Amino acid sequence: MAYNLKDVFYLDLSMVTGTGTGDGTTQLDLSSYIDPIARRGSKAQGLAIYKIHTSITETESNVPGMDLDGSMRIALLAGAGFGDIAVGSSIDFASGSLSAENDLNIYGADYYQDTGVQYNNFREFLMPSKDVPYVVVRDNVCMCLSVDDAFATALTVGMRIECAVVSLDQSTLNQLLRTQTV
């Protein structure tokens, strides 16, 4: 797996929290990067995700979401296929689906803020690395937000994903397909 300037590229996602509570998701189609079928003379391909960078800003500006009372969990799930659903509208994540024990969870973070405090609390609890990337073999990833305590102002959560297309041998592909089955 090559983590170098020639092979690594970036994909971006963003989603707005709104000012209510509940769950929401936005989906990124990866079908042009993934080919889970090994053909004669070529290997299957997956998308290696090395790093994820996250930003949280007030939607109407470029300033960090500070001095706003509220809390949420952020996750990036492989192959979830939820589509684009606004926070609090029509989806409810199953217990544990945005936790570290979920095999489909690539990245997870908690964000919470108290009114009057001039710093936020942002804690990443799950992330891939350049040494051990998460290799996606499904055709999508979904950024999921679970807002537990509503924010007074809508926030935009942005993700920049460092990734590369990698070749996979049949046994590695089979293992990844088993672990990334919903």
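Arg73 and Asp110 join their side chains in a salt bridge, with N and O 2.6 Å apart; a salt bridge here is a side-chain nitrogen of Lys or Arg within 4 Å of a carboxyl oxygen of Asp or Glu. This is a predicted model, where local features need pLDDT of at least 70 and side-chain atom pairs count only at pLDDT 80 or more, while totals for chains, interfaces and linings use all residues. Residues are numbered from 1 along each chain as its sequence is written, and side-chain values use heavy atoms, leaving out hydrogens and water.

**Salt bridges**
- The count comes to four salt bridges.
- Arg73 sits in strand 4 (residues 70–78) and Asp110 in strand 5 (residues 105–113), 37 residues apart; strands are DSSP runs (E, at least two residues), numbered from the N terminus.
- Asp110 also pairs with Arg123, at 2.7 Å between the closest N and O atoms, and Arg73, Asp110 and Arg123 are linked in a network.
- Asp110 is buried at 12% relative accessible area, whereas Arg123 is partly exposed at 43% (buried is under 20%, exposed over 50%, partly exposed in between, with a 1.4 Å probe and protein chains only).
- Asp12 and Arg160 form another salt bridge, 3.0 Å from N to O.
- Asp12 belongs to strand 1 and Arg160 to strand 9, so this pair ties together parts 148 residues apart in sequence.

**Cysteines**
- The whole structure has zero disulfides, a disulfide being a pair of cysteine sulfur atoms within 2.5 Å.
- For Cys142, the nearest cysteine sulfur is that of Cys144, 5.6 Å away.
- Cys142 is buried at 0% relative accessibility, and Cys144 is buried with a relative accessible area of 0%.

Methods. Helix = DSSP H or I, 4+ residues; strand = E, 2+ residues; numbered from the N terminus.
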